[in-house]
Amino acid sequence: MEKSCNTENEMLLMIKGLTKRYNDFLLDHIDLELYSGKITGLIGPNGAGKSTTMKLILKIIEADGGTIKFDNVDIFETKGTKYKEEIGYVGENLDYFIKSDLKAIKKFYSSFYTNWDEKLYQSLLRTFELTDHYKMGQLSKGMRVKFALCLAMAHRPKLLLMDEPTSGLDPLVRNEILRTLKAYATDHNTCILFSSHITEDMTKIADHLVFIYGGKIVDRRETSEILKSEINIDEHLEMLVKKSKEALYV
């Protein structure tokens, strides 16, 4: 069932007993370990707790319990947000600065990062065939995701959080983005947490998979194990959801 990550890779993020309560939802004692150079796929239906987990890592919302250690530092015990310079984030909603050109957005964004790498940023723009004179409002959804990736990766983060970024994109664009992320994780030893309900993407990019439903982690698998066993991930997730629902009535 569960296998540990490659211990040769440094543990970058350790989550223990992470809990967040809402009136109609409970993120229930989440445990998670993320390693440098590795990609973890966080798989679950909408409302499972994927975005809540990422918001807690970024301290956008406050946890009700548990700990998060980033680079061996407890972020809940640390004042300020300096650690966020080491984290890149790309979400699903990219409707910001619609009237601004990419050059102006980059200038604003890069001012928050002391380790901004302009050479890398320009290289990423070329990779995605983008130019600074475009305005955000002129970009397709796929191009907006690519631009967001340029911003997120150009300050060389140790951790990259991807929250449903490929939702609604056509397969060609999704594959291009996945290839870029896979190469980036390897080349820069970056840890990536990639949440999605598109299970096909997960088998292409993730080293290991974490299944979440109803605010609980319900299974963990190495991607190689999934592929070798020819397990259908969608069917596996459906089975996990069914078991979780049945357990509520036991």
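Tutor: E200 and K204 sit four residues apart in helix α6 (residues 199-205), so about one helical turn separates them; helices here are DSSP runs (H or I, at least four residues), numbered from the N terminus. This is a predicted model, in which local features need pLDDT of at least 70 and side-chain atom pairs count only at pLDDT 80 or more, while totals for chains, interfaces and linings use all residues. Residues are numbered from 1 along each chain as its sequence is written, and side-chain values use heavy atoms, with hydrogens and water left out.

Student: Why is E200 called partly exposed?

Tutor: Buried means under 20% relative accessible area, exposed means over 50%, and partly exposed lies in between (1.4 Å probe, protein chains only). E200 has 45%, and K204 has 39%, so both are called partly exposed. Salt bridges that share partners join R174, E200, D201 and K204 into one network.

Student: What does the salt bridge between K158 and D71 tie together?

Tutor: The side chains of K158 and D71 meet at 2.6 Å, N to O. K158 lies in the loop between α4 and β7 (159-163), and D71 in the loop between β4 (65-70) and β5 (73-74), so the pair ties together parts that are 87 residues apart in sequence.

Notes: A salt bridge is a side-chain nitrogen of Lys or Arg within 4 Å of a carboxyl oxygen of Asp or Glu. Helices (H or I, at least four residues) and strands (E, at least two) are DSSP runs, numbered from the N terminus.
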